[in-house]
Amino acid sequence: MNNTASLSTLDINLDAVTRNYLFLNKKMKLGADCGAVVKADAYGLGAGPVAKTLYAQNCRHFFVATFDEGAAVRAVLPEALIYVLHGPHGAAEEDFAAQNLVPVLNSLPDIEYWTAFAAKTGRKQAAILHIDTGMNRLGLGRADVTKLPFDALKSLDIRYVMSHLACPDTPAHPMNRAQLELFRTLTAAMGRPFRYSLANSAGILLGEDWHFDLTRPGCGIYGINPLNEGPNPMQPVVTLSGMILQVRDIDAPGTVGYGATYPVSPPAKTATVSLGYADGYFRSLTGQGSVFIGGKKCPVVGRVSMDSIVADITALETMPRPGDMAEIIGPHQTADDVAKQAGTIGYEVLTALGNRYKRVYTGAQDESSRRNEDAAA
Ligand SMILES: *Cc1c(COP(=O)(O)O)cnc(C)c1O
């Protein structure tokens, strides 16, 4: 996977992934399972290595958005339970069954489609039922729940009934309690007991009432703060470094970058760093972002380009040299910090990271890779 032609490096600390998973797992109510959401290529960090790492910690339940994402996880985890949030779409029913991927049924037509498949195969087909309790995004509405075809449902193997929280990153938000109550009411109206799933990362931190039988943390595993405010209980997973391509001595008054928006005059020095908006360093960081060089903060000046940014290094005591690295995400600024500067959330920073980086995984992914590393040492 390593692309040796790229100059910037994305370090993914799988030991931090492990610690974050164990932290969330330890918060769980006794008897409830802690799953993991590895959609969008594990939030941009690599579904294969992340899923193997979590499986080695006894995580058995994995959520993805699409069939293709599920198939990618299946390729590395033949035994795991894998659920597809977007439902039984994007591939033939037979392919879902062949890959042993369990769709989340988000609507009455989804249920009809899946029960028809069960009838065709003469086998109970596995599924999760999703009911909406306030997101108004996916899932059966209140009226749909009263119309549930209970007889037809008997032809399905309903693993869980789930819903999704809209505001758990704000623990005091009244939606959290309201959704919990509605979830209880709607599931009670379903006549027979199922197993249930409601909480994402932030939902786990709300407390045991929200845990039910299975939780679905994503962001926290990847080091993103599940909470809107306050200290981040998770450990950082990602370090992103850009290589300094050039150090420039500004010897005449001028401007930096496209649009000539940022004036510079001597004495000034700049460093051009090898990543840009095509690498997930958002153009909205123009005038907002900073990099750290030798641990010192250097503002990004001029517009963010596709493949490069320019940092003002005039104030540095020790000048860097081409080939030195600038910290984009690391000990001095987290993915959440960069997100704030860009006017977005840490989730978007991670999922936008792109594939031009040299990716370096530290920490063991599973027992066999650990053994291989020992053998190589
Ligand atoms: C993405 C997602 C999650 C994970 O949420 P985090 O905030 O990243 O923990 C859980 N459940 C559903 C339905 C999701 O779409």
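Visitor: What should I know before I start?

Guide: The model is predicted, so local features need pLDDT of at least 70 and side-chain atom pairs count only at pLDDT 80 or more, while totals for chains, interfaces and linings use all residues. Residues are numbered from 1 along each chain as its sequence is written, and side-chain values use heavy atoms, with hydrogens and water left out.

Visitor: How many residues surround the ligand, and which are the closest?

Guide: A residue is near a molecule if one of its heavy atoms lies within 4 Å of it. Here 14 residues surround the ligand, the closest being Lys39, Tyr43, Ser201, Cys219 and Tyr347. That shell divides into seven nonpolar, four polar and three charged residues; Ala, Val, Leu, Ile, Met, Phe, Trp, Tyr, Cys and Pro count as nonpolar, Asp, Glu, Lys and Arg as charged, and the others, Gly among them, as polar.

Visitor: Which polar side-chain atoms lie by an oxygen atom of the ligand?

Guide: Look for polar contacts, pairs of N or O atoms within 3.5 Å; within protein, one must be able to donate a hydrogen and the other to accept it, and residues adjacent in sequence count only if both atoms are side-chain atoms. Lys39 has a polar side-chain atom 2.7 Å from a ligand oxygen, and for Ser201 an N or O side-chain atom is 2.5 Å from a ligand oxygen. The protein covers 93% of the 390 Å² of accessible area that the ligand has on its own (Shrake-Rupley method, 1.4 Å probe).

Visitor: What does the side chain of Arg216 reach?

Guide: Buried means under 20% relative accessible area, exposed over 50%, partly exposed in between (1.4 Å probe, protein chains only). A salt bridge needs a side-chain nitrogen of Lys or Arg within 4 Å of a carboxyl oxygen of Asp or Glu. Arg216 is buried yet has no salt bridge. Its side chain reaches the backbone oxygen of Ser163 at 2.8 Å and makes a polar contact with the Ser197 side chain at 2.9 Å.

Visitor: How many salt bridges does the whole structure have?

Guide: A search finds 10. In one of them, Arg184 pairs with Glu181, with the closest N and O atoms 3.7 Å apart. Those two are three residues apart in helix H9, so about one helical turn separates them. Elsewhere, Asp279 and Arg356 meet at 2.9 Å, N to O. Asp279 is buried at 3% relative accessibility, whereas Arg356 is partly exposed at 36%.

Note on methods. Lys, Arg positive; Asp, Glu negative; His and termini not counted. Helix = DSSP H or I, 4+ residues; strand = E, 2+ residues; numbered from the N terminus.
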